[in-house]
Amino acid sequence: REELRSLHKELNATMVYVTHDQIEAMSLGQKIVILKRGVIQQVGTPESIYNEPTNRFVAEFIGYPKMNFFSPQIQDGKMFIGGQIIDYPSTISIPKVDFQLGIRPGDIHISDGSISVEINSFDYQGNSWLINCSIGDQKIVLQTTHSEHEYKIWLSSKYRFEMRILVYFASAIVISNCSLNQDSKYWTEDS
């Protein structure tokens, strides 16, 4: 990667680099084009593609570990996952269509939040831990940098976490991306 960066700088020319490696694309690209079966799914900077995916394919392809997806139930204006109420910003309207909720593993934080999770296992990744959890029958992965000692305690317990960033998907299209600190953003797509 460093050789390619140096060559790009030395030649001072536009370069097109084709890869199936999303980490290479994110680290080398100033602008990325995501294709699926020859059809452009999204064009943008690495940051915009990671933070604002236009559809579920892009959301799943970019980022490690992959984005978590839930199928929430709506009842009396409240959102439930695995039988538990999900708190969400009052500035966000719950979609009136069937949808899925996506959240990146690094955007889930263990705290005294609103959702009980059952810890199934955890994987040490060097500078972080991946925690495999369940909310009812739905599996999720969260990523954190807490110490191993804390995780050994968590294996036999249920804990709570808060969701900071939510992405709503209707079919394969993003219909809303929100942060608890920002207002909604909306996209439309023809496909």
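**Note on a predicted model: strands, rings and a pocket**

1. Strand β10, residues 129–135, is mostly covered, since 6 of its 7 residues are buried.

2. On one side of the sequence, β10 pairs with strand β9 (residues 115–124) in the antiparallel sense, over 6 bridges. One of the bridges joins D123 to L130 of β10. The hairpin of β9 and β10 has 4 residues between the strands, and G126 takes a positive phi near 95° there.

3. Strand β10 also pairs with strand β11, residues 138–144, again in the antiparallel sense and over 7 bridges. Within this pairing, S134 stands opposite K139 of β11. The β10 and β11 hairpin has 2 residues between its strands, and G136 in the turn has a positive phi of about 60°.

4. Among the bridge partners are V33 and, in β2, V43.

5. Which rings are linked into a cluster by ring pairs? They are those of F122, Y124 and W129. The whole structure holds 3 aromatic pairs. One of them, Y124 with W129, is tilted, at 4.8 Å centre to centre and 50° between the planes. W129 has a relative accessible area of 7%, under the 20% cut-off, and so counts as buried.

6. Two arginines are placed over aromatic rings. R56 lies over the face of F69, at 3.7 Å from the ring centre. The charged end of R104 sits over the ring of Y50, 4.1 Å from its centre.

7. The largest pocket contains about 840 Å³ of space. Elements giving two or more residues to its lining are α1 (2–11), α2 (22–28), β1 (32–36) and α4 (56–61). The lining comprises 24 residues, and Y17, V18, G29, K31 and I32 lie nearest the centre of the pocket. By class, 13 of the lining residues are nonpolar, 7 are polar and 4 are charged.

How values were computed:
Residues are numbered from 1 along each chain as its sequence is written. This is a predicted model: local features need pLDDT of at least 70, side-chain atom pairs count only at pLDDT 80 or more; totals for chains, interfaces and linings use all residues. Side-chain values use heavy atoms; hydrogens and water are left out. On a 1 Å grid over the protein atoms alone, a cavity is a set of points where a 1.4 Å probe fits but cannot get out, and a pocket is an open set with protein on both sides within 12 Å along at least five of seven lines; lining residues have an atom within 4 Å of a point. Grid points are joined across faces, edges and corners, and a volume is the space filled by probe spheres set on the points. Ala, Val, Leu, Ile, Met, Phe, Trp, Tyr, Cys and Pro count as nonpolar, Asp, Glu, Lys and Arg as charged, and the others, Gly among them, as polar. Buried means under 20% relative accessible area, exposed over 50%, partly exposed in between (1.4 Å probe, protein chains only). Two strands pair if DSSP finds at least two bridges between them. Rings of Phe, Tyr and Trp (its six-membered ring) pair if their centres lie within 6.5 Å; planes under 30 degrees apart count as stacked, over 60 as edge-to-face and the rest as tilted. A charge sits over a ring if NZ of Lys or CZ of Arg is within 6 Å of the ring centre and within 35 degrees of the ring normal.
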